[in-house]
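Please look over the sequence and the model below, and then follow the paragraphs that come after it from one part of the chain to the next.

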Amino acid sequence: MDLVIKNGTIVTAAETYVADVAIKDGKIAMLGKNLDVTGEKVVDASGKLVLPGAIDVHTHLAMPFGGTVSADSYLAGTRAAACGGTTTVFDYAIQRKGQGIVETVEARRAMAEPEACVDIAFHCAITDLAGGSLLEEFEAAVSYGVPSFKCFMVYKKEGMMVDDGTLAQILLKSKETGVLTNVHAENPDLIDIRIAEYLSRGKTSPWYHYMSRPEFVEAEADHRAIHWAKALNAPLYIVHLANREGAEAVTKARDQGYEVYAETCPQYLHFTKEVYKREDGRNFVCSPPIKGEESREALWAALRRGDIQTVATDHCPFQSYEKDWGKDDFTKIPNGCAGIENMYPYMLSAANEGKITFNKAVEVCSANPAKIFGCTEKGTVSPGADADIVIYDPEKDFTISRDKMHSDCDHTIWEGVTLHGYPVQTYSRGKLVYDNGNFTGEPGWGKFVKRAGRK
Ligand code: URP
Ligand code: ZN
Ligand code: ZN
Ligand code: ZN
């Protein structure tokens, strides 16, 4: 064997047990108690947890947005991912008017492949159907390995928004072709009206980013997207869900038997809207904004019940000088935060503190993302699966600070937050890419993950 990890406690979404893991050619070859095999490398994981690497299904690396480009390249973003136990990163390739779907993804793939330090997959964000002709390309996109598309229900002036008619057409065609439609749900008209109102009254601080997009602005769009998914009987995945009413709508739709999924992010599970009153409030500006405590607790409850299935980061960092563009006008703050290195450690720490089980942390960060998005060789520790493995020390405390992070962003909203337990090693297809605080991987190692469609 290339590598044998001995005596660790294996945690999957379903099970927890002590065993050895033997790895050969990037795959898990054998799994069992006291395996009688020799390994070129042997790691003792006694007292440690052995987990599947996390799958972050929502990132924006090198994304042109907010008048600039998000601060992490494919190299920096996937390096930071590796150091936080994330072994597969899904990026959003944004279609520009006139571009085809596969063309859009291929361009981003060409940028990503020489740089990726862990495996990389893509969703395509569709912004324009080219009079309907783009619908004819859905099957080709599925064959190419990209069976999930996103619709932004906002960002009109950025040229990314789709209207309800377009969303409905995409949902219908998605159902037919085995595609899952993702939505960023907020109501653009309400936001515009509220922004104009606050700016006209000289209300320009980051708090008014929250005030212009409060709970009901997001909830309305959640209801609307769910309405169309139900009416067309098409599967729907709501990204970065951040409000209680939306979580209730997802729960209700699922109880009625509809295939509606929801993702939330660590920033919505940890912080509340009060952060926008802080001196560094602009660093927390993301859309949808972080909501009140009632929403935060509802998100945890929905996660525990299984009504929210995934946790992902929406990693989209901007440097301090870029965030500063909005010092005197919150609308000029580029939207997004860094989180790719923090998600799995944060969720595992929550498990360590008893907020959820370790199995649940694995389920929402790895097993469910793999299942929902067709990564058939990932999301678990079992024979035949990719050897994407995290060794986690439940006794090691870690206080997050910018100098310990591996992103190119010059600050972190997680500064000073102490986590209980932390990853000590990350393996990507059997290769050690993170070792006790240090990145040990290499650009170009990460492979494009060709995903399976839903048919
Ligand atoms: O504020 C955010 N979330 N920026 C990234 C783009 C998006 O909406 O996901
Ligand atoms: Zn979004
Ligand atoms: Zn996003
Ligand atoms: Zn502790």
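In this predicted model, a nitrogen atom of ligand 1 lies 2.6 Å from an N or O atom in the side chain of D314. The protein covers 100% of the 270 Å² of accessible area that ligand 1 has on its own, and the space taken by ligand 1 is the largest cavity.

Helix α10 takes up residues 293–305, and because 13 residues at 1.5 Å a residue should span 18 Å, the 18 Å found between its end C-alpha atoms agrees with expectation. Along this helix, S295, R296, A298, L299, W300, A302 and L303 are buried, and α10 is followed by G306, a residue whose phi is positive, near 95°.

Elsewhere in the chain, strand β10 covers residues 119–125 and includes D119. Is this aspartate, D119, buried or exposed? Its relative accessibility is 2%, and because buried means under 20%, D119 counts as buried. The side chain of D119 is joined to that of R429 by a polar contact of 2.7 Å, so that the description of this buried residue also takes in a side-chain partner, R429.

Note on methods
Residues numbered from 1 in each chain as written. Chains lettered and ligands numbered in written order. Predicted model: local features only at pLDDT ≥ 70, side-chain atom pairs only at ≥ 80, totals over all residues. Heavy atoms only, no water. Helix = DSSP H or I, 4+ residues; strand = E, 2+ residues; numbered from the N terminus. Expected span 1.5 Å × (residues − 1). Buried < 20%, exposed > 50% of the residue type's maximum accessible area, 1.4 Å probe, protein only. Polar contact = N/O pair within 3.5 Å; in protein donor to acceptor, adjacent residues only side chain to side chain. Areas by Shrake-Rupley, 256 points an atom, 1.4 Å probe, with all protein chains shown as cover. 1 Å grid on protein atoms, 1.4 Å probe; cavity = no way out; pocket = protein on both sides within 12 Å on 5 of 7 lines; lining within 4 Å. Sits in = over half its atoms within 2 Å of the grid points.
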